[in-house]
Amino acid sequence: MPSNKSVSDAPIVQFTNCRILRDHQLQREDLWVREGKILNPEKLFFDEKGSADVQLDCKDSIIAPGFIDVQINGGFGVDFSLATDDFKSGIDLVSQKILSHGVTSFCPTLVTSPSSVYHQVLPQISVRNGGTHGAGILGVHLEGPFISKEKKGAHPEHCLRTFEAGAFQDLLATYGSLDCVQIVTLAPEMRRSSEVIQELTKRGICVSLGHSVANLSQAEEAVQHGATFITHLFNAMLPFHHRDPGIVGLLTSDRIPAGRRVFYGMISDGIHTNPAALRIAHRAHPKGLVLVTDAIAGMGLAPGRHTLGQQVVEIDGLNTYIAGTKTLSGSVATMDTCVRHFQEATGCSVETALEAASLHPAQLLGIEHKKGTLNYDSDADFLMLNDSLYVQATYIAGEEVWRQDVSGM
């Protein structure tokens with residue numbers, strides 16, 4: 001083995017005086033970073049005889065993996081479901097602004113739209129690493145249009161589609177391309193959905209069940225064909241019923257294939273889900289809970305009228321409604337707010353709250369070997385937080401990309 005730093009001449013940064021979330025526990029140890037990766041200090045000391053080039057005092061901060069938002073429709077006036085000439089600058093703006101919320105990776109989400117919108121927008125989104133320019137893009141989440149009319153929520157009914165004779169070919173024709181698609185939300189009770197789920201899963205695309213009137217056996221069948229996620233649990237699905245718990249019943253189903261975990265998204269904004277419902281879900285299936293914002297273009301802006309794809313939305317405080325109705329339409333919550341509300345509502349540990357926004361979404365997408373943890377050799381995407389879980393600084397690939405202005409604290 002080399003006896004010096006010849007393995008790499010890149011600078012080694014040592015973060016000291018911190019508590020690191022590792023192996024589900026906050027551990028008092030240092031974090032070592034080189035070339036955007038987290039280092040094993042033992043290998044560094046004993047194999048390379050290396051040492052830190054830079055030491056940073058974290059002043060007793062918590063260091064946690066960066067948050068991953070797998071359902072975000074836009075923010076700061078940008079709507080991912082609107083085809084615009086400057087779409088790229090819009091997605092760049094959102095990816096830059098959410099750094100302050102602790103989000104280091106995300107899945108831009110499109111709600112049910114005309115086929116022409118998918119054909120215009122999808123080619124303009126590409127998977128990319130995060131950095132000073134903003135959070136990384138993991139791939140698109142397509143929520144609809146293959147969903148239930150009865151549970152369409154804020155999705156425009158005239159754009160809803162069903163699977164016809166072509167099934168998977170219908171889906172391909174609607175979207176135009178699946179090149180950068182990471183998640184597809186569909187209603188599993190739709191005719192021919194099973195073969196579509198199998199085809200998407202074969203291509204490495206995560207299938208999520210949502211906006212649906214499926215009963216439990218239909219939901220279980222979808223999971224047996226490859227579905228692994230539930231879109232915003234409790235919202236836009238049949239309410240839990242003791243004789244047929246519907247999609248909600250997947251949380252305690254005994255018909256999940258061996259070795260498979262079903263994950264479920266929760267909008268923990270204090271509006272979409274009563275704290276008691278949040279507690280029920282968490283206690284029933286804690287390892288599957290994934291915090292999502294479901295944020296819309298109005299996030300970060302003053303109350304008033306905004307858009308969600310084809311619909312006009314009114315923001316009233318923290319409530320967002322389709323204009324002229326009381327139909328909820330996405331949220332204006334930020335990810336760090338959702339984490340704090342989740343911890344407060346459930347009384348769970350700090351570690352559990354942080355992992356619901358980092359480890360679990362990474363496991364859902366099958367990227368936990370590089371994101372969502374602070375294990376050795378994983379990407380150095382992490383946050384510094386205070387004990388109240390307010391983000392103080394955001395790092396991507398070991399580089400500081402956002403810091404709380406001290407005067408604003």
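These legends describe close-up views of a predicted model. Local features need pLDDT of at least 70 and side-chain atom pairs count only at pLDDT 80 or more, while totals for chains, interfaces and linings use all residues. Residues are numbered from 1 along each chain as its sequence is written, and side-chain values use heavy atoms, with hydrogens and water left out.

**View 1. The annotated domain, residues 62-401.** UniProt, in an unreviewed entry, gives this span the annotation "domain: Amidohydrolase-related". UniProt positions follow the numbering used here, feature names are shortened, and annotations may be inferred rather than shown by experiment. The span is 24% helix and 22% strand. Helices (H or I, at least four residues) and strands (E, at least two) are DSSP runs, numbered from the N terminus. The end C-alpha atoms of the span lie 17 Å apart.

View 2. The unreviewed UniProt entry places the feature "binding site" at Glu143, His211 and His232. These residues are spread over 90 residues of sequence, yet they cluster in space, with a largest C-alpha distance of 10.9 Å. Glu143 sits in strand S11 (residues 140-143). Its relative accessible area is 2%, so Glu143 is buried (under 20% relative accessible area; exposed is over 50%, partly exposed in between; 1.4 Å probe, protein chains only). Beyond residues up to four places away in sequence, Glu143 touches several residues, including His211, His232 and Asp294. Contact means heavy atoms within 4.5 Å. The side chain of Glu143 also makes a polar contact with the side chain of Gln71, at 3.1 Å. A polar contact is a pair of N or O atoms within 3.5 Å; within protein, one must be able to donate a hydrogen and the other to accept it, and residues adjacent in sequence count only if both atoms are side-chain atoms.

**View 3. His232 and the annotated active site, Asp294.** The "active site" feature at Asp294 comes from UniProt (unreviewed entry). Asp294 lies in the loop between strand S16 (289-291) and strand S17 (304-308). His232 lies in the loop between strand S14 (229-230) and strand S15 (263-266). Asp294 is buried at 6% relative accessible area; His232 is buried at 4%. Neighbours within four places in sequence aside, the contacts of Asp294 include Gln71, Glu143 and His232. With the same exclusion, those of His232 include Gln71, Glu143, His211 and Asp294.

**View 4. Thr112 and its link to His155.** Thr112 is in the loop between S9 and helix H3 (115-121). Its relative accessibility is 0%, so Thr112 counts as buried. The side chains of Thr112 and His155 are joined by a polar contact of 2.6 Å. Residues up to four places away in sequence aside, Thr112 touches Glu143, Pro156 and Cys159, among others.

View 5. On a 1 Å grid over the protein atoms alone, a cavity is a set of points where a 1.4 Å probe fits but cannot get out, and a pocket is an open set with protein on both sides within 12 Å along at least five of seven lines; lining residues have an atom within 4 Å of a point. The largest pocket has a volume of about 280 Å³. Its lining has 19 residues, with Asn129, Gly130, Lys371, Asp379 and Asp381 nearest the centre. One cavity of 30 Å³ or more is present. The largest cavity holds about 40 Å³ of space. Among its lining residues are Asp69, His101 and Met335.

Key. Points joined across faces, edges and corners; volume = space filled by probe spheres on them.
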